[in-house]
Amino acid sequence: MQVEDVQRVTVLGAGNMGHGIAEVAALAGYDVALRDIKEEFVEKGYDQIEWSLGKLAERDRIDEEEADAALDRVDAFVDLEASLADADVVVEVVPEKMEIKKDVYDEVVEYAPEEAVFVTNTSSLSITELSEVTDRPERFCGMHFFNPPVRMDLVEVISGEHTADDTLELIEDLAESMEKTPVRVRKDSPGFIVNRILVPLMNEAAWIVESGDATMEAVDSTTKFDMGLPMGSFELADQVGIDVGYHVLEYMHEVLGEAYRPCPLLVEKVEAETLGKKTGSGFYDYENGGAEIPSDAIDSDVRKRLLAVMANEVAGLVGNDVADPAAIDRAVMLGAGFPDGPAKLADNEGLSDLVAVLDSLHEETGEERYEVTDYLREAAEAGGFHGGSDEDESDTLAGYDTLNVSVEDRIGHIEVDRPHRMNTISGELLDELDDAVDRLDDDDAVRAILLSGAGDRAFSAGADVQSMAAGGADPITAVELSRHGQQTFGKLEDSDKPVLAAIDGYCLGGGMEFATAADIRIASERSELGQPEHNLGLLPGWGGTQRLARIVGEGRAKEIIFTAERYDAETLAEYGFINEVVPSDEIDERAWELAESLAAGPPIAQKYTKRAMHAGRTDGEAGLEVESLGFGHVMNTDDLMEGITAFMGDGEPDFEGK
């Protein structure tokens, strides 16, 4: 079966995950059968789909016609046999208990069409064991969506011991058709990728506090404000539900051994039924303010210990051929919102140092969770999970971690590649952007530069505050960060080549300052733009107070910054910030069309035009002088003769910059 053959998807389970998956499938154009064991469960799931589609339309993520059409594709069932009629793919989303899932498959095999493919949304249970309950283990795999499915991009596609390659390929294609990012898990292993990293990390955080080596505040301060993770370890456990992580850990302990023994601190919380936010209290009290994590309690020993345990888990996955480091990093960034993947974080810390931390802890405690895997020692000797630092990438534009940079048809394309963080701008991204602009500017084959953001949610939603929070409130650090952004964006503004920003989705704060440095800006109809810094008690620090006023005038710039409002693309087109607004589904095509037009222009004339205009900003006479010098210079170029010849012959000029 090919993905083109899939017409109907049956989702078994109408709870939070089930109705979310059903909605995603319906939005992708599939007919969906949503089934649960009671009418009230199905009705509640269906109502949630209707509500969610309405919210997407309200926020202009889809139009009302799309919302209505998606809802029309969803049929609700209690009768299992009726729900499975004509199903091409059956997605099981029942409670995370092996026996419950097996009982479901015992019934499903009676009624499912012979050619239907089965997938389970389990977050940690054995794919192989579940597949063996069915009559088609080769057409059975894991398809692990993340909560909430409508918003989260990642889908782990997990192979069981019997799963055929064409089944995995079909489900990966299905995930992509739903606009998700599939990451293949090559071998059935408890926790797969994301939970295999997160759950032992949560357990180790608890062991650190249990042993008295650090306080809960120090652990969460370190993970949130030093490592740059979206939440503190204990804060995340409360958010997800302490029992959820604990049950995954129990399963890992049962299958993988003593290294995954749950910390008594977790056991106490589960037994007391203080499970986190959903019960009103967990590690934090949510009836009296919730998690208040200090930013100044960072502990470097805690960081090294957590990174060491995480590196050991990465090595276990790679060494057992579950996934490679790139796939692990991609999955954890998309599924858990890490600023960088765990393999890269470990590489940056230094694997040799982390091995030493584990060896010391193992010698001190004898605990199996600190026993260094063979692959981690090998990776440390090789210079890291991603290879040593002596790799020569000077002749290629590949190798960036936060950007995709390419040259195609005389266009240098810089795509911010952090969709898991709404393409927010980190210090590392500024470093890479600084380098990328230099290289494109120095490349004579590049005639125009195109800026865009990966994914379909954001051009850039601003500065990555969490990744920058390690600087705390230190004024010197903040000043240097501001200057770094000003200078980096200034390189785009000062480039002799025309720079085009293609804005799709959120373009806020530092992201809007990034776009402001371009010469021309086009935006999709769904885009939202603004400078929200004043809402945070900040001010634009990457050139926004200067460049914006030059584009829209001082009055409009003050309005945009002082009100901190979000604006639609049409309004900012009226203000003169956006040059062109296009339908959301045409933004990519129009961006490349316009970039190709700019790249086909006369490079020498373009260079002197930009220089003259910029020189005239503060000194009109200086601008006119640059203009006259540029005018004289182009008079002696081959480009001028090419342009005149093409004009006289009613043809298209082929400018070569000579």
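**Figure 1. Arg521 and the ring of Phe577 in the predicted model.** The charged end of Arg521 is placed over the aromatic ring of Phe577, at 4.6 Å from the ring centre.

Figure 2. The Glu513 side chain instead reaches backbone nitrogens: that of Gly541 at 3.4 Å, and that of Gly544, which lies 2.8 Å from a polar side-chain atom of Glu513. Leaving aside residues up to four places away in sequence, the contacts of Glu513 include Phe489, Gln531, Glu533, Pro540 and Trp542.

**Figure 3. The stacked pair of Phe459 and Phe514.** The structure holds eight aromatic pairs. In one of them, Phe459 and Phe514 are stacked, with 5.4 Å from centre to centre and 20° between the planes. The pair joins distant parts of the chain, as Phe459 belongs to strand β12 (residues 458–460) and Phe514 to helix α21, 55 residues apart. Phe459 counts as buried at 1% relative accessibility, and Phe514 likewise counts as buried at 1%.

**Figure 4. The edge-to-face pair of Phe489 and Trp542.** The ring planes of Phe489 and Trp542 meet at 85° and the centres are 5.7 Å apart, so the pair is edge-to-face. Because Phe489 lies in helix α20 (residues 475–494) and Trp542 in the loop between β16 (528–530) and α22 (544–552), the pair ties together parts 53 residues apart in sequence. Phe489 is buried, with a relative accessible area of 0%; Trp542 counts as buried at 5% relative accessibility.

**Figure 5. The aromatic cluster.** Phe459, Phe489, Phe514 and Trp542 are linked into a cluster by ring pairs.

Definitions and conventions:
Residues numbered from 1 in each chain as written. Predicted model: local features only at pLDDT ≥ 70, side-chain atom pairs only at ≥ 80, totals over all residues. Heavy atoms only, no water. Polar contact = N/O pair within 3.5 Å; in protein donor to acceptor, adjacent residues only side chain to side chain. Contact = heavy atoms within 4.5 Å. Phe/Tyr/Trp six-rings, centres within 6.5 Å; stacked < 30°, edge-to-face > 60°. Helix = DSSP H or I, 4+ residues; strand = E, 2+ residues; numbered from the N terminus. Buried < 20%, exposed > 50% of the residue type's maximum accessible area, 1.4 Å probe, protein only. Lys NZ or Arg CZ within 6 Å of the ring centre and 35° of its normal.
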